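This report describes a two-part question: how the chains meet, and how selected residues are placed.

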Amino acid sequence: MSQTQTLRAWLLTDTPTSRRHAKLSAIYQGWLSFRSNTMAMIGLGILVLLVLVAAAAPILAPHDPFAQDLGNRLAPLWSDSHVFGTDSLGRDILSRLIYGARITLYIVGLVALIAPILGLLVGTVSGYVGGWVDVVLMRITDIFLAFPRLVLALAFVAALGAGIENAVLAISLTAWPPYARIARAETLTIRSSDYISAIQLQGAGALRIITKHIWPLCISSLIVRVTLDMAGIILAAAGLGFLGLGAQPPSPEWGAMISEGRRFILDHWWVATVPGLAIFTVSLAFNLLGDGLRDVLDPKAGE
Amino acid sequence: MALAEDNKERHPRVPLPQWLKTTLLTLGSISVTLLGLLFVTFIIGRVMPIDPVLAIVGERASQETYDAVYLQLGLDKPLLVQFLYYLWDVLHLDFGTSLLNARPVSEDIARVFPATMELATLGIIFGVVLGVPLGVLAAVNKGSWIDQFARVLALVGYSMPIFWMGLMGLLVFYGILGWVGGPGRVGIFYMDVVPPVTGMILIDAALDRNWEVFKDAFSHIILPASLLGYYSLAYISRMTRSFMLEQLSAEYITTARVKGMSEWNVVWKHAFKNIRVQLITVIALSYAGLLEGSVLTEIIFSWPGIGSYITTALLSADMNAVLGGTVVVGLIFILLNIFSDLLYKVFDPRAK
């Protein structure tokens, strides 16, 4: 007990002894203010649970998500050994939901990696180099921003072919422009600061300045934006899956499961309802988490 | 040469007035964005894994026919020239012919578009009529139950998959309660009863004074429109709230209150008056967003609008139709964005 007390005191000290100490202390204080936000903690809890479920899918799933049982089609909720019933091919809906968590995480993870990195690259280069490079890059960004996202993603999927990877690519291609805008704005304010001039005088090149001194400062506002965007990404991926352009059958992707259950909505409502609830819960969790993170990392942006 | 110089002396260069300069710059940036939009769709069309020649002549055509069509489509020309051809066609509203029904894509789009517009317009009306007062109330009573209620409403709206909510709406209000009409624009008995004047069935029925059709059409549109309305309500009420909070903390509001002005006048005559321009911008943007949101909604409600058109075309590899639809939706999206920008610049003196 006393050791945790001292650790806490060490983390909350006003006089950090090293750079690492100061950093850890800042993170800990951020965590404390985040922890007091109940809604954000609920969001975080749901997401941690989602990751655990996805990781332990083979252990948790009561059935094989692909095993068909045509004798037991469209079994209702709570029927024996099928808590959420079965779909039109007699597959256990709960098991498919559990395995579907993996697909959701896969899509969200990839998009959350690709889009901000692309945006960061475009935005920082545009902001740092300036001149006609800036004009051209920002024009391109504006053009992509001008498209309605879902329609553009549809057109990309049409060009690339349906499938999870192409859906990820299509969503990323429509998601990067806001990140580029944010990164550029941050770069413009950082670029003119004194410490950048100081490093320039020491002979640092553009590459070094961008990667070592500008990127780290853009990260926090990007993270907030990514978390707030995650819900949108999940909804977009589910929408593509629903239209039959994302994950292909028999993959247990949640959007595709809704699309499959849509045909029986009036008589066997749970087939489409349960995966929709899963999508709603996860995107709600990301929205709650994003709101909380924004308050901690970017207090200016809150109302 | 001499003449030109002569001309120059007689007409010394006058600096352009400021408004003309801004207008030219705006027009320039609009046309660059439009060109970019067309270029992106053109490139998408080029990398599609579908041979446009085969799509026209079919698989059993002879090599000569194939080559003839290949040349006719201009596919032997450099990419830039092809793009210029494409541009020329689009400027003449020619998006090619649909491979499914061999009709011009532009005709198809003109036929389906009013359905989308009808849906989105009714949706935005719901969103504004309910969202703006809700946002104002939430701002005035910050922290109260109504503020919390508005917050939860918006949060749920941001997190709910629109197509799933549509399904649930159909299940509850059509399947179980039977309060509204099912999928489609009108019941089967009322199909093609009123003459299509505007293509928007509510207006057409009203023009025809056929109130029976009007009633039936209304019972069909009410569910998808309120669904779309809910999504714009979520956005509009949040934005209204934050605009109002900003105004209400300003000093002139304190002054008005100190003078003993009634709360109603402070809120609606002073604070609200100052956010109108910002609000119209937000409404224009969410109207553009509804056009997009209608893609999935239309599928759920079998609504024969542009969203259904694009997706059906996509699933049957009808490329001209997909690209034509994308260009039209993109154009409207851009125009609405520009409109809201302009509005802001013209009516808000601070934006200069």
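With which residues is B:I222 in contact, leaving aside its neighbours within four places in sequence? B:I222 is in contact with B:F126 and B:V180, where contact means heavy atoms within 4.5 Å. This is a predicted model, in which local features need pLDDT of at least 70 and side-chain atom pairs count only at pLDDT 80 or more, while totals for chains, interfaces and linings use all residues. Residues are numbered from 1 along each chain as its sequence is written, chains are lettered from A and ligands numbered from 1 in the order in which they are written, and side-chain values use heavy atoms, with hydrogens and water left out.

B:I222 belongs to helix α10 (residues 211–248) of chain B; helices are DSSP runs of H or I with at least four residues, strands are runs of E with at least two, and both are numbered from the N terminus. Its relative accessibility is 21%, so B:I222 counts as partly exposed (buried is under 20% relative accessible area, exposed over 50%, partly exposed in between, with a 1.4 Å probe and protein chains only). Between the C-alpha atoms of B:I222 and B:I275, 53 residues apart along the chain, the separation is 30 Å.

UniProt, in an unreviewed entry, lists residues 152–177 and 217–236 of chain B among those under "transmembrane region"; such annotations may be inferred rather than shown by experiment. For chain A, the unreviewed UniProt annotation "domain: ABC transmembrane type-1" covers residues 101–290.

| Span | Helix | Strand | End C-alpha distance |
|---|---|---|---|
| Chain A, residues 101–290 | 84% helix | 0% strand | 20 Å |
| Chain B, residues 152–177 | 88% helix | 0% strand | 26 Å |
| Chain B, residues 217–236 | 100% helix | 0% strand | 27 Å |

Turning to the interface, 39 residues of chain A are in contact with 43 residues of chain B. The buried area is about 3,700 Å², with carbon and sulfur atoms giving 80%; this is the accessible area (1.4 Å probe) that two parts lose on being put together, summed over both. On the side of chain A that touches chain B, α6 (131–146), α7 (149–160), α10 (206–242) and α12 (270–297) each give two or more residues. The largest share, 11 residues, comes from α12(A).

B:T41, in helix α2 (residues 18–47) of chain B, is buried, with a relative accessible area of 0%. Not counting residues up to four places away in sequence, B:T41 touches A:F147, B:Y86, B:L323, B:T326 and B:V327.
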